[in-house]
Amino acid sequence: MKKTLWIAAALLCGCGGNNYTIDGRVEGLEGTVYLFAGNELLDSAQVTDGAFRFKGTAENPGIRFVADSEENNGTFGTMLIVEPGTIRIETDAENPGRAVATGTPANDAKTAFEERLNALIKEYRDPETSEERREAIIEENDAMRRQACENNRDNYFGALILSESSYEFSGQELLDEIALFSPAMQQTELLTQLREQAERKMKTDIGNPYTDIEQPDASGTPVSLRSVIENPDNKLTLIDFWASWCGPCMGEVPHLKKAYADFRKRGFEIYGVSFDNNRDKWLEAIDRHDMKWLHVSVLNGFDNQAAKDYAVQGIPSNFLIDSQGTIVATNLRGEALHEKLEELLK
């Protein structure tokens, strides 16, 4: 009777249910390895014949790094997802210079996904791959990400995939996606923060009024978004979030230049908000690419109130606003911007 009660009590309290073990066996590894959460050092372990072990409690699943340097910049490093269970870190049989994490649902899903992704990247970069196939690979990659999220609603990898692609969703769409995860996953820090982002993002969904921005231009003079939108010469204003170090942002510049040249006299203006940190690089990019529209920046990267107000998690990102101050379109990339302006500025 006492034994039965003890087992029942243990089941009710879930004692030990959040414990994890990381068992590593990596060829050629020696010395000491370190466990990190971001740049925070959590633990260390001695390596014996390539083997090491960490133990702990996963109160909240999350990304961790194992590296052979206390500064997290050594010759060995691998990423894993800490969650209850035994996580194995082993040398990748296909790529001896790489280690992979398996053994728990999120890590198994992550490793399988990365293997498929790496195969697609390799095929895409192959000079023999046709342009038609490259386009199909891009679509396959998008579909693979959607399916990975759908298949992992009960573990951290699914949440991670959703977080990485959150910029694709409106605020309400993102809330709907979060609601499909298990109750336990919805309580994680990652999805809690993503929900807060979605609620902020709802304020920037199509049909909502814009939020004003006021930041200094190249001369240091504050220029408000309101002054641009309320200018009677402007019928549509595009807020363009970008940075000189962002490759995809610079890839959008030719489309922005074409739209500006074709529609400026018809009432189109661009209010560029840069997430640069370096003033010289910001101004050099504007000059070199002949970006003739308005530019502002606080030169502090993503630590920018406008990024918070518009729930910007990745760049390039843009919002098209009409003369009444209403958001009429978002994230117009490539030819989509030109097509939208042609539709609205007839």
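Analyst: Buried means under 20% relative accessible area, exposed over 50%, and partly exposed in between, with a 1.4 Å probe and protein chains only. The model is predicted, so local features need pLDDT of at least 70, side-chain atom pairs count only at 80 or more, and totals for chains, interfaces and linings use all residues. Residues are numbered from 1 along each chain as its sequence is written, and side-chain values use heavy atoms, leaving out hydrogens and water.

User: Which residues of H7 are called buried?

Analyst: They are Leu190, Leu191, Leu194, Gln197, Ala198 and Lys201. H4, H5 and helix H6 (183-186) are among what covers the buried residues of H7.

User: What span does helix H7 reach, and what is expected?

Analyst: The expected span is 1.5 Å times one less than the number of residues. With 14 residues (189-202), helix H7 reaches 20 Å from first C-alpha to last, close to the 20 Å expected.

User: Which residues are exposed on the other side of H3?

Analyst: Glu132, Glu135, Glu139 and Arg146 are exposed there. The buried ones are Arg134, Ile137, Asn141, Met144, Ala148 and Cys149. Those cover an arc of only 125° around the axis, which puts them on the same side of H3.

User: Where does pLDDT stay under 50?

Analyst: pLDDT, the predictor's confidence in each residue from 0 to 100, stays under 50 over residues 1-16. Where pLDDT is low, the predicted coordinates should not be read in detail.

Notes:
Helix = DSSP H or I, 4+ residues; strand = E, 2+ residues; numbered from the N terminus. Arc of directions from axis to C-beta. Contact = heavy atoms within 4.5 Å.
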